[in-house]
Amino acid sequence: MTAKNIFLSVAIPTPLRRLFDYLPVEITDHRILQPGLRVSVSFGKRKNITGIIVAINNKTNHPRHKLKKINCIIDDKPIVNIEHLNFLNWASNYYHYPIGEVIYNALPILLRKNNSITDYEYYYWSLSNKQSSSDINSKNISLVQIKILNYFQKNKTPINEFELYKIFPRAKRSLLALEKVGLIKKETEKKLENSTKINKRSIKLNENQNTAINKILDLINTNSVFLLDGITGSGKTEVYMSVMESVIKSKKQCLVLLPEIGLTPQLIQRFKDRFKVHMAIQHSGLSASERLKYWQDAKTGKAKIVLGTRSAVWTPLLNPGIYIVDEEHDLSYKQHSGFQYSARDLMIVRANRDGVPAILGSATPSLETIHNTEKNRYIHLVLPVRAGVAKQPKYKLLDIKNKKMHGPLSQILINEIDKNLKTNNQILLFLNRRGYATHLYCHHCCWKAECDRCEIPLTYHKSNNRLNCHHCGSSKKNIKNCPLCASELLRLGHGTERIEEVLSKIFPKSNIARIDRDTTQKKDSMDKYLSKVHSGQIDILIGTQMIAKGHHFPKVTLAAIVDADRGLFSTDFRAGERLAQLFMQVSGRTGRGEREGMVIVQTYNPEHQLFHNLIKHGYNYLAKSLLKERKCSSLPPYSYMALLRVEAHNIEEIKHFIKHASIQLKQLSKNKLLLFGPIPAIIEKHGGRFRYQLIIQATNRKILHEHLDKWLENLEKTKNSKKVRWSLDIDPQDMN
Ligand code: ADP
Ligand code: ZN
Ligand code: ZN
């Protein structure tokens, strides 16, 4: 290739689903042109936009004189390697999402701009061995410096400077001063980076755990996918850690996805206690530069363990050894707006491409995953019993029809709570609704408080005396009287605040805590609640799904599902699966210690088949029966689905667009695809816009995707497409 016929295919963050050809700069740039280098280009009206070279070709489909030159090359070396670029490209194709946006989305914020990056070195600080307390007194040091010293004394291990800045903002000068007088010392991270010290496990693994670990290790050099199917507390995390130990010893990296890091500090701590290796942990508190550091440490292989939530699936690795997705069924792995990818599915794709195994762990595997084990695509490993001494809890289906109630709680449940309090046990009450009352209603003229923009009921929050829309987040001041007829309004339907109020009246001496999004706004507030639960300072814990996940509460002996009926009659075909998962998770919170646990389920439908299957035969049995239903109605995983979502203020525009879109697709696909719609979304309005969907279904994945490509190309060009907001969701997980 001579300089004359070199064309750079550049990905640029724009909604257009393609790459753009540019010419290289002519001044002799000593850098070798290669994919993965960022370039600055002008694009449309924008003079200076960051793109990334995806391919270098000697042909172009455009007349040469129409192509622009790039402004400059930004990086010395590619910021991602070709394998990672190929993976991003795969994701762009699969989700039919613009490549430029996919790459942009996958980069840390600091790399999305034109700034160049240098490998940033940071320090780990610790006390120097020399110092003594008389030293400290003899030296003239400030109060902040004393605080820092005290902190070091408490934490014996070296502390990364970023962590220190979080606790002591602007500590840099103090650190340098303390170093000067010889009280503390710094080490470069290199020393720690190369540490592969792994602490010994303090427990003896059981036979099931050993079998699972051995099977995975036998296939550690293959791209097998494992479902680690174990009830909560069965020791899945121990299995992950044993496999990770072996991966790290073979000088490879582990990427571990968790649903929500902020909610699982205990789990992170377990990893930290076990592995004294360089870990990159992603959490919401990371600053832009820490994010870049996190990403670079993973990419350069410094970090042996990379832990993160959904978006961590985009982290490049130098030398991957295992991909782990904990709680694989969790909905948070699917992004719900913009680029709607599934991080779980992408982890499997990555594992496949890299030729290393993936482990999907869950107590309540998704139906897709169970189906894949039935088809022998995944290897099914089972941990059937709780590890250690803990036993399975007992279930009690409580029919609350015509029963005496205290707000949302039946007298029978109150009696059970009382019993457990008397024996000094903890109680957990689960209700997936924040606030005090879910409806404000006029008994006289039937007026209801609704969100103006979404047309769904507003929730009354007593703590701040406001009415909130849980859908679009809008909020207004509470009202006591009907705006139409001035009668006093009724408060119907119960939320977590109401339970808290009822219980504090009945059990005034007990310590009650409520964990939901309202009480955990502040940073660290979740941690504080959790440690209070652990130290036994809390008797009754009330919460939304935030408390259902992952936590280990050894002293909880009674868990109650306050309203089990939500979800029984939903129109979403996955509602049954979700309800069963939640049910199992809540029950997984009880009886995890030495004391036996009980789960009470309040329902108006005690005869419902779902409860019976679940309680009598367990989750797997229920899952299989739900799978049978899906098969009969040809729903996923027995078919492949995509969802066209369309939003607009004007309902006619939507209908017009969807009609046009479906005619196009019908013509293209010649009846190979099934189309349903336009149908309103389950929540038909959001923030003032109407929301409609077109469901596209096929029995074959390839056929679905082939047609979508052509269709989207046409859709983008139609005039009408600018009047509505539309997006395509591949493998949709909810029909909201
Ligand atoms: P899971 O991830 O399946 O919920 P964990 O690995 O967190 O289960 O284990 C639950 C609890 O049981 C933890 O406190 C863990 O230390 C303990 N545990 C795990 N395996 C064993 C074992 N073989 N013997 C004793 N305790 C165990
Ligand atoms: Zn009224
Ligand atoms: Zn609203």
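In the predicted model, helix α10, which spans residues 265–274, has L267, I268, F271 and R274 as its buried residues, where buried denotes under 20% relative accessible area, as found with a 1.4 Å probe on protein chains only. Seen down the axis of α10, these buried residues fall within an arc of 135°, so they line one face of the helix; the arc is that of the directions from the helix axis to the C-beta atoms. The cover over the buried residues of α10 includes β9 (197–198), α9 (236–249), β12 (275–276), β13 (279–281) and β14 (305–308). Helices (H or I, at least four residues) and strands (E, at least two) are DSSP runs, numbered from the N terminus.

In helix α1 (residues 82–95) lies S92, which is buried, with a relative accessible area of 7%. Apart from neighbours within four places in sequence, S92 is in contact with Y97, P98, I99 and V102, contact meaning heavy atoms within 4.5 Å.

Residues are numbered from 1 along each chain as its sequence is written. Local features need pLDDT of at least 70, and side-chain atom pairs count only at pLDDT 80 or more.

Definitions and conventions:
Chains are lettered from A and ligands numbered from 1 in the order in which they are written. Side-chain values use heavy atoms; hydrogens and water are left out. Buried means under 20% relative accessible area, exposed over 50%, partly exposed in between (1.4 Å probe, protein chains only).
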